[in-house]
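Please study the sequence and the structure before reading the solutions.

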Amino acid sequence: MEVKELGHLVLYVRDIDRSARFYRDVLGWRQILPEESEAGHLPVAAFASPSGRTHHELLLIEVGPDAAAQPQGRRVGLYHFGLKVGDSDDELREAFAALQASGTTIVGSADHTVTHSLYIEDPDGNEIELYVDVPGVDWRSDPALIGAPVKPLRL
């Protein structure tokens, strides 16, 4: 067997409407389920990225307000997931401005040599890396570059 690509993510969320608004209105994902006429009736929401790469890339499942919070600190499990928002620092600056306009807290930033990244959290504390690939860095020829020391990001 050979895995061809990462297909989709499934996240548990406390409030489906709040989380759907975040992924749709802040991050720009195209909501494909439920349709507007069904909103509020299904405890799930599915999204596709604007690229249309596949049928869905994100599925949210509501587990209710009493669900346990994400544990803080070092733990086993998902640390974050990355979403590519462009190919230039100008596009990352545009993302930064959009995040600020939406009131989304930026919890970190980094220059990873191969990417420039901003880190945010969704309404349930799932960490998301928003990144651009750095032009001119040939990580395909030198995969070790992904292990380069992290530097402060200067946008």
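Buried means under 20% relative accessible area, exposed over 50%, and partly exposed in between, with a 1.4 Å probe and protein chains only. The model is predicted: local features need pLDDT of at least 70, side-chain atom pairs count only at pLDDT 80 or more, and totals for chains, interfaces and linings use all residues. Residues are numbered from 1 along each chain as its sequence is written, and side-chain values use heavy atoms, with hydrogens and water left out.

**Exercise 1.** Determine which residues of helix 2 are buried and which are exposed.

*Solution.* 
Step 1. Helices (H or I, at least four residues) and strands (E, at least two) are DSSP runs, numbered from the N terminus. Helix 2 comprises residues 89–102.
Step 2. Leu 92, Ala 95 and Leu 99 are the buried residues of helix 2. They lie on the same side of helix 2 because they cover an arc of only 55° around the axis, the arc being that of the directions from the helix axis to the C-beta atoms.
Step 3. Glu 94, Gln 100 and Ala 101 are exposed on the other side of helix 2.

**Exercise 2.** Identify what covers the buried residues of helix 2 and what follows the helix.

*Solution.* 
Step 1. By contact (heavy atoms within 4.5 Å), the cover includes helix 1 (16–26) and strand 5 (81–86). Strand 6 (106–111), strand 7 (115–121) and strand 8 (127–133) are also included.
Step 2. Gly 103 follows helix 2 and has a positive phi, near 80°.

How values were computed: Expected span 1.5 Å × (residues − 1).
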